[in-house]
Amino acid sequence: MTLSAIDFPAVSEARPGISLAEPGDYFALLKPRVMSLVVLTAATGLLAAPGSMNPVLAFVSLLAIALGAGASGALNMWYDRDIDRIMTRTAKRPIPSGRVAPENALSFGLALSVFSVLLLGLVANWFAAGFLAFTIAFYAVFYTMWLKRSTAQNIVIGGAAGSFPPMVAWAAVTGGVSWEGFVLFLIIFLWTPPHFWALALFKMKDYGAAGIPMLPNVAGERSTRRHVFAYSLILAPIGVLPALMGFASPAYGVLAAALGLNFLRLAYGVLRMPDGDATMAPAKKLFAFSIVYLFALFAWLLVEGLLVHGWAAHVA
């Protein structure tokens, strides 16, 4: 697929003579909440990986991965500016609100993409840098420009982009990939559909108005609820795998099992939710808890890497 073969959104933007952008607007283009998750999961992969890395180089590698994720967010906002203007939860973003010009956002995202990849290659290795470049392209082109607007399975396949950071970090330390890194990827990959489909259930009108084929709008609420529960059934045991494979403690296994059971409980509540539920309370509860679930698992793994195994053992 080439960029020339992609239909870019035809949007008429006002072009004020004076830029209204402030530094905070460009920071918002990076999707800082998503970046915080990337930093957490990548740091976990960095610490869980076997081998050693200088602390300064480890920090710069983590920064490069975070900047790569931010670059993906900026490119996503540049391309999605037409639908962001329509949806209530995105209408105040820097581009649709008119604070950042689209061409400036595009230049910012491209420059940051190149910089992050080169930085990771120079401080870590070029395999990790290539992996990061692939991740950026996967999210910005494969997901944003194609999958998001063409299939109801967009979030399933596109969710892989957000699942790669721990593997990229693992590669920064080891120069390759492993089953342990793949398990960290798999946890995020399987978490993404129930997390976003729960959101899509109570944001159906927004997605419908924007013409995005999210599963509830295409297959209906009942099918979406079944998909949410099915993915949750797979996610819960996968979340325990780090303990079973020996690169996390039994205490992590207990935590992951308890959180997984609660995830299933809430997903079952979504499954039983009647069609046309006006409040969508079960979906909102699952969406909120899903954030806690993922952050708790990776935060625990990160703490184990720092305290149980020791920072020096990994990055000295």
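Trainee: Where does Phe-247 lie?
Mentor: Phe-247 is in the loop between helix H13 (241-244) and helix H14 (250-271); helices are DSSP runs of H or I, at least four residues, numbered from the N terminus. This is a predicted model, where local features need pLDDT of at least 70, side-chain atom pairs count only at pLDDT 80 or more, and totals for chains, interfaces and linings use all residues. Residues are numbered from 1 along each chain as its sequence is written, and side-chain values use heavy atoms, with hydrogens and water left out.

Trainee: Is Phe-247 buried or exposed?
Mentor: Buried, with a relative accessible area of 15%. The cut-offs are under 20% for buried, over 50% for exposed and partly exposed in between (1.4 Å probe, protein chains only).

Trainee: What is Phe-247 in contact with, beyond its neighbours within four places in sequence?
Mentor: Glu-180, Val-183, Leu-184 and Pro-242, where contact means heavy atoms within 4.5 Å.

Trainee: Switching to the whole protein, how many helices and strands?
Mentor: 16 helices and zero strands; a strand would be a DSSP run of E, at least two residues.

Trainee: How much of the protein is buried?
Mentor: 53% of the 316 residues. The C-alpha trace spans about 55 × 50 × 35 Å along its principal axes.
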